[in-house]
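I wanted to see how the pieces of this model pack against one another. These are my notes from going through it.

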Amino acid sequence: MTVIRFIFDSVREMFRGPREYFIWLLALGLIVLFGIWRYSEQITEGLVVTGMSDQVSWGFYISNFAFLVGIAAAAVLLVIPAYIFDRKDVKDVVLVGEGMAVAAVTMAILFVIADLGRPDRLWHMLPGIGRFHWPVSLLAWDVLVLSVYFLLNLAIPFYVLYSRYRGREPKFRLYFPFVVIAMFWAISIHTVTAFLFSANPARPFWHTALLGPRFIASAFASGPALIIITLQIVRKLTSYHVSQTVIDLLALIMTTALQISLFFVGAELFTDFYNEGAHAASIHYLFFGLGGFSSLKAWIWFALALNLTALVILMIHPLRRKTVMLNIACVMTFIGIWIEKGMGLVIPGFVPTPLGEIFEYAPTSVELSVAAGIWAFGILVFTLLAKAVIAVEQGKLSHQSPQKQRYTL
Amino acid sequence: MNSIILQCMVCVISLVALQAAAQESPDSSQPLRFEGYPGASEFTVVPRKDGLFFYPGGQCHEAMEPNPEIRTLNTMHDAEIEHGRGRIWCLSCHNLEDRNYLNTLLNELVDFDESHLVCGGCHANRHKDWYFGAHGKRVSNWQGDRTLYNCTHCHNPHKPAIEARAPKPAPPVRAGLKREQGTEHHKSSIWDAKEEHEEQ
Amino acid sequence: MSNESNSGNGGGKFDQARRNFLRGIGLGTAAAVAQPAWGGQTFQDTFADFFQKDYRRMSAEEIEAALERIERKAEARYGVEIDCQNTLPQPGVVYGYAINISRCKGYRDCVHACVKENNLGRDSQVQYIRVLQLDQGDFNLEHSDHYYEPETVPVEGKHYLPVQCMQCDDPPCVKACPVEATWMEPDGIVVVDYDWCIGCRYCMAACPYWARHFNWTVPEIPAEEMNTNTHYLGNRPRPRGVVEKCHFCIHRTRKGQQPACMEACPTGSRIFGNLLDPDSEIRYVLANKQVFRLKEDLGTEPKFWYFSD
């Protein structure tokens, strides 16, 4: 069976490479193990080892989850130009982007599982033997769209790569419908994640129709930022050709998205602060502190400063075209959005509580360690996928000459 | 057509009932039997007499001459009656002749177990709420037997305001976490700000 | 399979803190502290617990077996023989609650009666009722003081507002749950199947009344204070990692008794009864008093009213 040989060859390829490559894998693996070890603490003691409380019942885990769904969705920014506009340069790297989507969804799902009080009961969600509260529960929606998105982003590259492996061109009519579905699905995963929050009138900070658009805009800024950096790393470390035009395209998308994202933030700030009602308490806490509590204040201003600086760099064309400046802007955007859409979005929703109590949250070392483990796992997954993808794309792996290829790098 | 007949019948019946009630002149030698508010569910009242220190008061007062004069009491009773702030006197509620009974404003005798009838003379709205369960306290059940605490179980009739007492402990926070003391973040009242302004 | 025997010696920092805490409240034995939440007595019990169906899909026999397992587990964990029942809702009854806020003096008697009655974890520190202290002339909950501790209450110039689960008729928490582990019973009580909840805490984010609480650790209850009269959907000992909430003392009210908070209230501020009975006390209040509901604008239709007179 060619399929089995394809998988076998791909997996082999994943674990082949120079010594630096193995050191990289090992380092990631060690962080993953460390995360698992700290997670075992959480399993034996309960979520009491986290900083979460009845007052702030979601914390660092869900913050990362919200952010990562955005990264996953951003892969669509490569999918659309590659498959719809048929751009050859983008097509070359689209599979790398989809690998990133798979890794990001994996991390997002792991963050939700890490947040569960009873991960042993996860099967309660399975339709049939469990009860899947779909279509009423937004969380059920999220599980559904994330799982399907995960499968789509596995299936499409798998088919395309498998065709390459067999030395054939992938059949357009076979994969194109799924590409179209995946496009809309990418938007849906992040919209549903935004709806997960905005569906709660109990939390005025989240309960805004702008949250969905804001999520998409910030995802389309932070996602390309990560892809731009990643593609440059791929270009540097491998012989794989990454066209500069792809990076230029992504930088342009990112610039626009960041403009829109910051405009949305501004709109939110205006609406809440012009007539500062009870609904503004959370945003007041976030930006200025409330009742003597202000642990997020420094973070959000930092994030805002990062995003604004990045925007300035991106909007001045000569600066954006300088690789160094572009990379600085990308790192700034990535961190800025991570703070803004992560802790900056999730935590203030709980402060003050619906009964007006102000109780602060700070992640514990267990949460930070588990999160580090999950991030390392995601990067590990991406590394392995990208390794196989690049090998196939370069024609190093093919069923016609497996023996010959096996011993060259 | 039917409804008019029905209405007439209702009128006639209620007239008859009213007349009957009027003819039943209250017998002042018997404890008053208050028929209650129409529509209130049946209930019994938790007896009060067992809990009364001075009851039956007739034993002491038998030997004394009834004295209706308003004066400062220098006996074993509460010297001050805070209830009514000087507008009522012992005999507003207690019967002059028979200390084992209370009396209403109309001088009808009331048993100590039925003291709510006395209270209701002035506090008619509260009394009605108590009958229907919007005031006071019902014993143990929401369903089935309806037993109510009497007014005087909770309110000292000579000093009816409920006294302040210490609250139970404040809520804790989740094990392993600590509650930081915040600053007073609520705005002061509008009048506080105004007063401060005037002081300046 | 059941790994409860060894995990107690894990001895994390937290364990230590918890032991200290327990010692602090005068509980001598910490032996039962760190048992895993899914620790059944025997392999069969553990197995049956794991594969237990959700409450609404269990047959009468399966519920009976589950109740017996709950009793065995309580015996093992707390050394107390409890009676866990499954009293069904009464037909023609929907519960409603009203609080007279001009009567409430802020004593918090209801809060502590509830803790005892419902076997709330003394360690996990859950309380179903919060009494808020507010300035007179102010009803903004964000200005409320939850932790007031004056010499005596009521404090002059303040008023008090007890808040607990409103048993909404259109409960957002029920909509939120991804596994249908929480639902509204025919008598209007919103309950949680503690054996079905996966602990995602989305319901806690969805609740506008902060009525839902999470077992961050195994709830610890001093054996001598355990209320042995329990209900599957109510005050039975809860496992770790699941959400719980006020259930209008389902084990009492379904038998015609008052909820513990109402019985404990020394001021008679609390009025409870059947909303479907036009002669009930609660209906008299709704018809004759100016009532309001907290955050009514959110459209959750709370079955919990406030009034003053």
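**Before starting.** I kept in mind that this is a predicted model.

**Helix pairs in chain A.** I began with H1(A), residues 2-14, and H15(A), residues 365-393. Their axes come within 8 Å and cross at roughly 115°, and the crossing is right-handed. From H1(A), I found Ser10(A), Glu13(A) and Met14(A) meeting Leu384(A), Lys387(A), Ala388(A) and Ala391(A) of H15(A). I sorted the residues of this contact into four nonpolar, one polar and two charged.

Next I took H4(A), residues 76-84, against H5(A). Here the axes come within 9 Å, with a crossing angle of roughly 145°. H4(A) passes H5(A) in a left-handed crossing. On the H4(A) side I noted Leu78(A), Val79(A), Pro81(A) and Ala82(A); across from them in H5(A) sit Val90(A), Lys91(A), Val93(A), Val94(A) and Gly97(A). The tally for this contact is seven nonpolar, one polar and one charged.

**Cores.** Which residues have the most contacts inside the largest nonpolar core? I got Leu68(A), Ala72(A), Ala104(A), Met107(A), Ala108(A) and Phe111(A), in a core of 225 residues. H5(A), residues 88-115, gives the largest share of this core, 17 residues. Domain 1 (4-82) and domain 2 (83-309) of chain C both contribute residues to the core, so it lies between them. I then followed Leu68(A): leaving aside neighbours within four places in sequence, it is in contact with Ala104(A), Met107(A), Ala108(A) and Phe111(A). Apart from that core there is another, of 10 residues, including Leu102(B), Leu109(B), Cys119(B) and Cys151(B).

**Chain A against chain C.** How many residues of chain A are in contact with chain C? I have 38 residues of chain A in contact with 46 residues of chain C. On the chain A side, the elements giving two or more residues are H2(A), 19-45, and H6(A), 138-165. That side divides into 18 nonpolar, 11 polar and nine charged residues.

**Inside chain C.** Between them, 23 residues of domain 1 are in contact with 26 residues of domain 2. H2(C), 13-24, and H4(C), 60-78, each supply at least two residues of the domain 1 side. H4(C) gives the most there, with seven residues.

I went looking for cis peptide bonds and wrote down two places. Trp134(A) and Pro135(A) are joined by one, with omega about 10°; Pro135(A) is in the loop between H5 and H6 of chain A. The bond from Val351(A) to Pro352(A) is also cis, with omega near -5°, and Pro352(A) is in the loop between H14 (343-346) and H15 of chain A.

Ser140(B) has phi near 50° and is in the loop between H5 (124-132) and E4 (147-148) of chain B. Buried or partly exposed? Ser140(B) has 13 C-beta neighbours inside 10 Å, so I put it down as partly exposed. Lys295(C) has a positive phi of about 50°, in the loop between E11 (291-292) and E12 (304-307) of chain C. With 16 other C-beta atoms within 10 Å, Lys295(C) is partly exposed too.

Notes:
Residues are numbered from 1 along each chain as its sequence is written. Chains are lettered from A and ligands numbered from 1 in the order in which they are written. This is a predicted model: local features need pLDDT of at least 70, side-chain atom pairs count only at pLDDT 80 or more; totals for chains, interfaces and linings use all residues. Axes are lines fitted to C-alpha atoms, for helices over the stretch in contact, and angles run from 0 to 180 degrees between N-to-C directions. Helices (H or I, at least four residues) and strands (E, at least two) are DSSP runs, numbered from the N terminus. A crossing is left-handed if the near helix is turned anticlockwise from the far one by less than a right angle, and right-handed if clockwise. Two residues are in contact if their C-beta atoms, placed from the backbone, lie within 7 Å. Ala, Val, Leu, Ile, Met, Phe, Trp, Tyr, Cys and Pro count as nonpolar, Asp, Glu, Lys and Arg as charged, and the others, Gly among them, as polar. A nonpolar core is a set of buried Ala, Val, Leu, Ile, Met, Phe, Trp, Tyr and Cys residues joined through C-beta atoms within 7 Å. A residue is buried if 20 or more other C-beta atoms lie within 10 Å of its own, exposed if 12 or fewer, and partly exposed in between; C-beta atoms are placed from the backbone. Domain bounds come from an automatic or database domain assignment.
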